[in-house]
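Biologist: I'd like to learn how to read a model like this one. Could you walk me through it, feature by feature?

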Amino acid sequence: MRCSVLELTRVALFAALIAVCSFITVPMPGVPFTLQLFGVAMALSFLGGREGTLAVAVYLLLGLCGVPVFSGFRAGPAALFGTTGGYLVGFLVMGVVYWALTRLLPGTHRFFGVLRLWISLLFCYAFGTVWFVVLYVRNTGPIGVWSVLLRCVIPFLLPDLVKILLAVRLSGLIRARLSHGKA
């Protein structure tokens with residue numbers, strides 16, 4: 001897979017956007033409320049499945065290598081592979097699912113963009129929840145899936161939908177501005 005300088009620049013720019021969005025954090029029990037998902041949704045919506053997924057992968061690799069790009073300025077394997085790390089890795093799952101959905105649910109209308117992102121986010125939630133349960137049970141003791149959903153997913157459903165709606169709208173506006181600037 002070859003990438004042009006422009007593609008690499010866009011991937012790096014959106015990886016940085018995801019990192020900046022992760023710094024905007026409201027601490028909560030379980031999983032903190034951040035704007036990371038907004039950054040991921042912007043990357044996928046604006047760049048598309050392939051480049052957006054690459055931007056998420058670059059973001060995760062930066063954090064894994066010790067660059068403090070995760071919420072709370074955390075970094076390293078402990079942050080990525082902890083109980084809530086599944087939601088971070090879930091962003092990569094989200095990107096791959098979104099990429100696949102762009103082929104299965106083609107369409108340029110905002111509705112399709114929101115639908116693809118929402119379905120992809122459900123895969124992220126599922127992956128992160130399974131990860132959380134497995135690690136929590138192994139490290140702490142039994143916990144029910146419903147308890148994890150109440151702590152880590154349900155409080156985020158509405159805010160995450162708003163982030164997706166805003167990302168799709170904003171990426172459309174930026175794309176329109178860029179296309180008018182070329183004319």
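Predicted model: local features only at pLDDT ≥ 70, side-chain atom pairs only at ≥ 80, totals over all residues.

Biologist: Let's start inside. Which residues of the largest nonpolar core touch the most other members?

Modeller: In soluble globular proteins, nonpolar side chains tend to be buried together. A nonpolar core here is a set of buried Ala, Val, Leu, Ile, Met, Phe, Trp, Tyr and Cys residues joined through side-chain atoms within 4.5 Å. Buried means under 20% relative accessible area, exposed over 50%, and partly exposed in between (1.4 Å probe, protein chains only). The largest core has 47 residues, and Tyr59, Phe70, Phe91, Met94, Leu117 and Ile164 touch the most other members. At least two residues come from each of α1, α2 (36–47), α3, α4 (77–80), α5 (85–104), α6, α7 and α8. Helix α6 gives the largest share, 10 residues.

Biologist: How many residues does α6 have, and what does it span?

Modeller: Helices are DSSP runs (H or I, at least four residues), numbered from the N terminus. The expected span is 1.5 Å times one less than the number of residues. Helix α6 covers residues 110–139, 30 residues, and its first and last C-alphas are 42 Å apart, close to the expected 44 Å. Just after α6, Gly141 has a positive phi of about 145°.

Biologist: Now the charges. How many salt bridges are there?

Modeller: Side chains of opposite charge can pair when their charged atoms come close. The cut-off for a salt bridge is a side-chain nitrogen of Lys or Arg within 4 Å of a carboxyl oxygen of Asp or Glu. This structure holds 3. One of them joins Arg50 to Glu7 at 3.6 Å, N to O. Arg50 sits in α3 (residues 49–64) and Glu7 in α1 (residues 5–23), so this pair ties together parts 43 residues apart in sequence. Another joins Arg10 and Glu51 at 3.0 Å, N to O. That pair also links α1, with Arg10, to α3, with Glu51, 41 residues apart. Arg10 is partly exposed at 28%, whereas Glu51 is buried at 7%.

Biologist: And the pair of Lys163 and Asp160: where do they lie?

Modeller: Both are in helix α8, 3 residues apart, about one turn of the helix. Lys163 counts as buried because its relative accessibility is 6%, and Asp160 is buried at 6%.

Biologist: Last one: which residues form the nonpolar patch on the surface?

Modeller: Patch members have over 30% relative accessible area and no salt bridge; like charges are joined within 9 Å, nonpolar side chains (Val, Leu, Ile, Met, Phe, Trp, Tyr) within 5 Å. Areas come from the Shrake-Rupley method with a 1.4 Å probe, and for residues only the protein chains shown count as cover. Trp146, Leu150, Ile154 and Leu157 make up this patch, with about 380 Å² of accessible area together. Ile154 falls in the loop between α7 (145–152) and α8 (157–182), and is partly exposed at 36%.

Note on methods. Residues numbered from 1 in each chain as written. Heavy atoms only, no water.
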